[in-house]
Amino acid sequence: MSVLYDVTMVIGGEVAVKPLLTKTLQRLLYHTSFPTGLLFLDIPAAVQGETVAAQLAAAVGDYELGECVGKVIDAPAALLHGQAELQEHSPLLAQLPCSPGTYQTFLRLPIDGMGVILLLAPETPHTELPLTNVFQPVMANLAKAIVLCRNNEAYTADLISERDVARRARAVSEERFHHLAAAAQDAIIMLDDDGRIEYWNPSAERLFGYGREEAMGAQMHDLIAPASYRADFARGFEAFRSSGQGPIVGKVVELEALRKDGSTLPIELSVSAMHLNGRWHAAGIIRDISGRKADEAALAHSAGQLQRALQGVIQAIATTIEKRDPYTAGHQQTTARLATAIATEMGWAPDRIEGLRLGAMIHDIGKIYVPAEILSRPGALTESEFKIIKAHPSVGYDIVKDVEFPWPVAAMILQHHERLDGSGYPAGLVGDEIIPEARILSVADVVEAITSHRPYRPALGVEVGLAEILKFRGTLFEPAVVDACVRIIREHHFSFAPNPE
Amino acid sequence: MSAMAMQYFDRVDAATIAAVLQQWREAYAAMGVLALLPEGEKEQVGTLQRVCTQLDVPLVGAVFPALVEQGVFRSNGVWLLRFDAMPYAALYENVPTDPTSLTALLDTFTDGIKPHINTHKDSTLFLLFDAMVPNIGTMLDELYLRLANRVHYMGANAGSETFQPMPCLFDGTRIVSNGVLALLLKPHRGAILEHGYSVPQRMITATSTVGNRIQQIDWRPAFEVYQEMARAQYGVEVTRENFYQVAVHFPVGIVRANGVILVRIPVALEEDGSLFCVGEVAPNSMLTLLQAPAVDSVHTLDTLLSGLNGLYGDLSMRDLLLFYCAGRRLHLGVAAAGEELRGLEQRTAGARIAGALSLGEIGSTTQWGYPLFHNATLVASVWGEN
């Protein structure tokens, strides 16, 4: 019995049905000197008739029967069914689909209800062992091993199926990506963690002039980054390799890039990081913004023209006002300069300062409706005259409110006599209800008015003007505006002399 | 094929050989030659290749430890065995051991040979291996799965008796190492293999093996158990020092269920106590320790000839091809081995026997039996069956 130990070990060592059956047959042939072994599984129960249709699961040693493995063949029922048996000169063997007369002897070994093994030979090999009995323990083990292998294969098939589904999904995803990338108008480039190009779409070919074969594997920075950027790129990429982070990762930036022919072009670059197989890869979408830049330049030029025209109109209005009111001649321009200086001191953006300047230039436009004799008459005003004067912010507002300035010019005009504590006019606005431009304009207006000559009084001097705003710092006037005004006059020596321009 | 289809030359003389080849070719225009050379004449392979190339005679051959001629072992000369029509022959070198490469080689092997065996029921796949190939048993299992009973299987191992690597298989232009030479003989009804060893009572289990190496027996270092068995069964003290002199007289037998054993001769002892054998030993094989007196030479020869008579009928005046295992000669001793050769000659009544001392044999103890790789056997067949 111990001689079959190795057969048992072979059976125990397999995890798939086909090698299990084949190796079992091989070991049985080895031990018995039978030249041929067949193994049928899941044999139908005996039915009426002399043959049964059974699947030949394995065959060793017979070429013709080997061709039938996996197929259902008609075999004599008396051959497949029955107890372990050694039978010589069996006519049953002539019914097998192989060369007639090849076999005279068979050894049948039932596999515990799972099927049967048939060992075939032209004549019975010599042995002193009772072959019908000696293999029975092995057959019991084989039956269990077949069940275990089938379970294992079913489990493995499920895993493979899941893996195949995932692979197919990935293949579809990759195909979609390639279609999208190929059709994209933007260049799409991917880099490995050494900065080498590992994807280069057709738009990248068109944009930079390098074919895919030239670009793949090349250092991206050497290929398309202007020399002046390369050191910065290299530093940034070094950090990216270890962390997936970088100054432009996750952002959209405008840069300059280099074509194969040496020319440069403006690009918009969007970079994202991908962590694949433990390494950081970079994906960049690059858009040629040459056209956009040209449009922007044209637009800027056009806007500049428009702004210059607007400034001309405003200057003309201001000049018209001043022609009617010689005593306030230059008041608006000086106020505009002072307001501009205050805003600059306070750190305002240039565009906003420009809006303030234009608003200040015409902040008294409402005085166009004040009779000239009132404006230029020396002496104190009557109450009704003062009422007319106080209407000029509202009047000015009405004049410009329908003009679409890019800045709140109408509100500046309307609010330049409002005061923080609500004591101003025409609306008596309080604190933040007054726009910042008007808060600066009111301080500049007061300082300039006190400093300059008026029909009803002589010029009082700049210190009187400063004293006035400091006196009402925080009550009538914005403290930060007052402080800035004091600094530019006392420290930066703001000049009230007419602008030489 | 005529009775002169085998010619022994006691020295490799180009002119003499050329004259015989020319004579043969006049009678057999499509002839080819199988050359068997002893290790002492290995430098003469080039001479044979030149002569055959000049005469445009297809050549295949192998170098063995010695030749068998007229009942004696010879270390000089050359056997030329004529094929009346050169059969399909393929020479492969550097047989791989990794499963993937081996499968690829076997695919090429079987794809090449299959078209040539379509029309003949009785064809023999005659394999000559370099004895240094470690996976001959595995290859036989695979070839039997692929070719099954479309061919009979016979063969032998060539190489040096010292088991030092040596290019030993050749054709008309190459001589290769670690290879296999395949010949498709047809019509041919195979060979008979016999060794006559009986099975001792005590058996042990090779619990751990890798190819040719038995690492453990009964879960202990192989050499330790081998020593114990030699001491217990035969009263022989085997040590590391006398291993190479003694072990050949106590080969290992792999026991099969039918009582027939496969002989494995230990030829090297590893540092870790592993025994390196000629031929693979399957893991979990049941082993036994054999001894020269266990060989029954008379029974061996009777069985061998009975098998050959069964295949070929009367052997008198036939040409026979014989491979006699070098390990068996060592095991039995030169005198006893010579006696076996002479006994065979006497029993074959005038048959001419050509052959070589081999380093392992391939065949089956019965016709159509499962082909196995053996040591210590005699493999015999008729050369040039009509």
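Here are some friendly notes on this predicted model, point by point.

1. **Ground rules.** The model is predicted, with local features needing pLDDT of at least 70 and side-chain atom pairs counting only at pLDDT 80 or more, while totals for chains, interfaces and linings use all residues. Residues are numbered from 1 along each chain as its sequence is written, chains are lettered from A and ligands numbered from 1 in the order in which they are written, and side-chain values use heavy atoms, with hydrogens and water left out.

2. **Chain A overall.** Chain A holds 20 helices and eleven strands (DSSP runs numbered from the N terminus: H or I of at least four residues for helices, E of at least two for strands). Its radius of gyration is 50 Å, well over the 23 Å that the globule rule gives for 501 residues, so chain A is more spread out than a compact globule. That radius is taken over C-alpha atoms, and the rule is 2.2 Å times the number of residues to the power 0.38. Along the principal axes, the C-alpha trace of chain A spans about 150 × 55 × 40 Å. Of the 501 residues in chain A, 44% are buried (under 20% relative accessible area; exposed is over 50%, partly exposed in between, with a 1.4 Å probe and protein chains only). Among contacts in chain A with a separation of 6 or more, 55% join residues 24 or more positions apart; a contact means heavy atoms within 4.5 Å.

3. **Chain B overall.** Chain B has nine helices and 27 strands. With a radius of gyration of 20 Å, close to the 21 Å that the globule rule gives for 386 residues, chain B is as compact as a globular protein of that length. The C-alpha atoms of chain B fill a box of roughly 65 × 45 × 40 Å along the principal axes. Buried residues account for 61% of chain B, and residues 24 or more positions apart make up 80% of its contacts with a separation of 6 or more.

4. **A helix crossing in chain A.** I would look at α12(A) (residues 331-345) and α20(A) (residues 479-491), whose axes come within 9 Å and cross at roughly 105°. The two helices are therefore roughly perpendicular to each other. Here axes are lines fitted to C-alpha atoms, for helices over the stretch in contact, with angles from 0 to 180 degrees between N-to-C directions; 65 to 115 degrees counts as roughly perpendicular, under 35 as roughly parallel, over 145 as roughly antiparallel and the rest as oblique. On the α12(A) side the contact uses Leu338(A), Ala341(A), Ile342(A) and Glu345(A), and on the α20(A) side Val481(A), Ala484(A), Cys485(A), Arg487(A), Ile488(A) and Ile489(A). These residues divide into eight nonpolar, no polar and two charged (Ala, Val, Leu, Ile, Met, Phe, Trp, Tyr, Cys and Pro count as nonpolar; Asp, Glu, Lys and Arg as charged; the others, Gly among them, as polar).

5. **More on α20(A) and its partners.** The 13 residues of α20(A) reach 17 Å from first C-alpha to last, close to the 18 Å expected at 1.5 Å a residue, where the expected span is 1.5 Å times one less than the number of residues. The buried residues of α20(A) include Val482(A) and Val486(A), and the buried set packs against α12, α18 (436-451) and α19 (462-471) of chain A. In α18(A), 15 of the 16 residues are buried. Just after α20(A), His493(A) takes a positive phi of about 55°.

6. **A buried strand residue.** Leu109(A) sits in strand β5 (residues 105-110) of chain A, and at 0% relative accessibility it counts as buried. Beyond its neighbours within four places in sequence, Leu109(A) contacts residues including Leu28(A), Ile117(A), Phe135(A) and Met139(A). Gln136(A) is 27 residues from Leu109(A) in sequence, with 7.5 Å between their C-alpha atoms.

7. **Backbone spots to check.** Most residues other than glycine have a negative phi, and most peptide bonds are trans. The bond from Tyr425(A) to Pro426(A) is cis, with omega near 10°, and Pro426(A) lies in the loop between α17 (409-415) and α18 of chain A. The bond from Lys186(B) to Pro187(B) is also cis, with omega near -10°. Ala148(B) has a positive phi near 45° and is buried, with a relative accessible area of 2%. Trp219(B) has a positive phi near 65° but is exposed, with a relative accessible area of 58%.
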